[in-house]
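Q: Could you take me through one part of this protein up close? I would like to follow the charged side chains and what they connect.

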Amino acid sequence: MTVAAERSPARFKPGARGGAREVLGGRNIGGHAGVLALIAILAFLTVYPVSMLLYGSLHSTPPGTAGQFNLHGYRAIFTAENFTVLSNTVVISLAKTIPSLLTAILLAWIVARTDTPARRLLEVLITLPFFIPPLLTAMAWGMLGNPQVGALNLLWKWLTGSDTAVINVYSWGGVVWHMMQYSTPFLFLLIVDAFRAMDPSLEESSRMCGASRWQTFRKITLALMLPAITSSFLLSFIRGIESFESPLFFGTPAGITVFTTELYNAINHRADPDYQYATALSFAVLGVMLLLVAWQWRALHGRSFHTVTGKGYTPDVTRLGPWRWVTFAFCMLFFVVAVALPVGQLLLGSFFRFFGFYTWDMLTLENYTKVFQNGELRRAVWNTFELGLLGSTATMVLGGIVAYVTVRTEWRGRRLIDVLAWLPWMTPGMVLGIGFLWAFAMLPGFVPIYGTIWALMLAYIALGTPVAVRVMSAAYQRLSTDLEECSRVHGASWWQTLWRIMIALAWPSFAVGWILTFFSIMRELSASVLLFSAGSEVLSVVLLKMWMNGEAEQVSVVGLMTMLLVIFFRWLQLRVIGARISTL
């Protein structure tokens, strides 16, 4: 064994150029300036809007106007009505998280640990709903499950002759049902790799000691996956609390109010927008989120979990026999419900003059003509693509730098940088949107961000940074430090090493993260609906306005085109970029 092989892979300190860069007082001035600049950027994107939430919760007037400081906002949130809102939010989030988690675990086990046919295809189909904006599927299910003129109810009445609707999406069940459809693939993406990484010899040892398959699955498999399961549960629960589309579309007509729709109504649907109340409620919810994260850290504190041993192994699969076709059918059923039915409804609705009247004399192409002639919609599409291209690129560059600093360096302050980068992950989009609303309004006049498209850009960068950091951190951890040392020896600067070595080798992960961020921007509604202004509308906001104005037929056209775009980018991710989904 060589000396280099015996040496532990220490982190190198960026900024040194072959050891020749000037160092004063044992510290690299350029490196520390870079760290301070990075902390300043992240603080502006995270700490500043959160601190402005506190400011706004104590300020009696809307952003940008003179007022006084008081506690009226906090007094207003402690009411019986808000206790009901909080109960609704928690109940709905738990009601969708638990079955979604169980379904995701089952789907992940089928794809990763069984001999179910066409598992690679099934994985692509299962994850596809994650890339479809929930706004579109909510609109589609609003047309499918409408109790009066929904396509499924009309089909049921035609088949059975009954006058009773079999589905009513405007209910508690409708809210939970729709949230599950995009929560399950999100959880699946987090869990499936944990199944793949587990050494099957651990389960084999359990079976050799006399444990049944169920005991092995419960005491070994699930126990070893506890970190992945608890993290996934917490993230899904947080996403449930911050969900906006499902409660807005299906809860509001049924009189069900959750905290996101309460915030939306307090600012947009009152004669005098109550910013202080909305901001105080947002700050209280943020405190609850931080408590949830602290609970997770405490639950896993001091516990050790090892799913991969030091020896090589070949992952084994469970032979299901004839039952493999049952598991295949279960996966396909999920795809049909979550993707095929909504897409089919959008296709159907785009060719009829009026939603719910599916007769031959109602067939038309006018919906497509109106869409292409809609100037506001064209501007929104352009704004969305501009924000998507620039925002996803800026987010991935920032995420790549943050990940490099936290994973590959020994810079002081890297832990603070890591915390700042992850703060938006614990902050619901609507809460962060209100924070940015106050933050941009309070900037000096020579910083013209408030009311411009740049307000949306900065919000999207903040919301997307945690995903970018996670993707790039995983990519950097797979690269040897020897590559950077060789670059330094040959005289490259830190920036040259980062760009020509690290990012060049990690570009597939960078591209995957770019696409994920791009789709996150396309589907973002909760923050966009608060920060947009005339001329800076994005596609999600315009689609919401069209739906509220009763233009469901034109929404179907736009939704269908968006679905085609989703399929194209998904193909690009899997084929061109090479981020193929691995199979056993």
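A: **A patch, then the salt bridges**

L94, I98 and L102 make up a nonpolar surface patch with about 260 Å² of accessible area together. Patches join residues with over 30% relative accessible area and no salt bridge, like charges within 9 Å and nonpolar side chains (Val, Leu, Ile, Met, Phe, Trp, Tyr) within 5 Å; areas come from the Shrake-Rupley method with a 1.4 Å probe, only the protein chains shown counting as cover for residues.

This is a predicted model, where local features need pLDDT of at least 70 and side-chain atom pairs count only at pLDDT 80 or more, while totals for chains, interfaces and linings use all residues. Residues are numbered from 1 along each chain as its sequence is written, and side-chain values use heavy atoms, leaving out hydrogens and water.

Now to the charges. A salt bridge is a side-chain nitrogen of Lys or Arg within 4 Å of a carboxyl oxygen of Asp or Glu, and the count comes to three.

K545 pairs with E376, their closest N and O atoms 2.7 Å apart. K545 sits in helix α26 (residues 539-548) and E376 in helix α18 (residues 375-408), so the pair ties together parts 169 residues apart in sequence. Helices here are DSSP runs (H or I, at least four residues), numbered from the N terminus.

R379 and E537 also meet in a salt bridge (3.5 Å, N to O). R379 lies in helix α18 and E537 in the loop between α25 (528-531) and α26, so this pair ties together parts 158 residues apart in sequence. E537 is buried at 5% relative accessibility, whereas R379 is partly exposed at 36%; buried means under 20%, exposed over 50%, and partly exposed in between (1.4 Å probe, protein chains only).

Terms used. Helix = DSSP H or I, 4+ residues; strand = E, 2+ residues; numbered from the N terminus.
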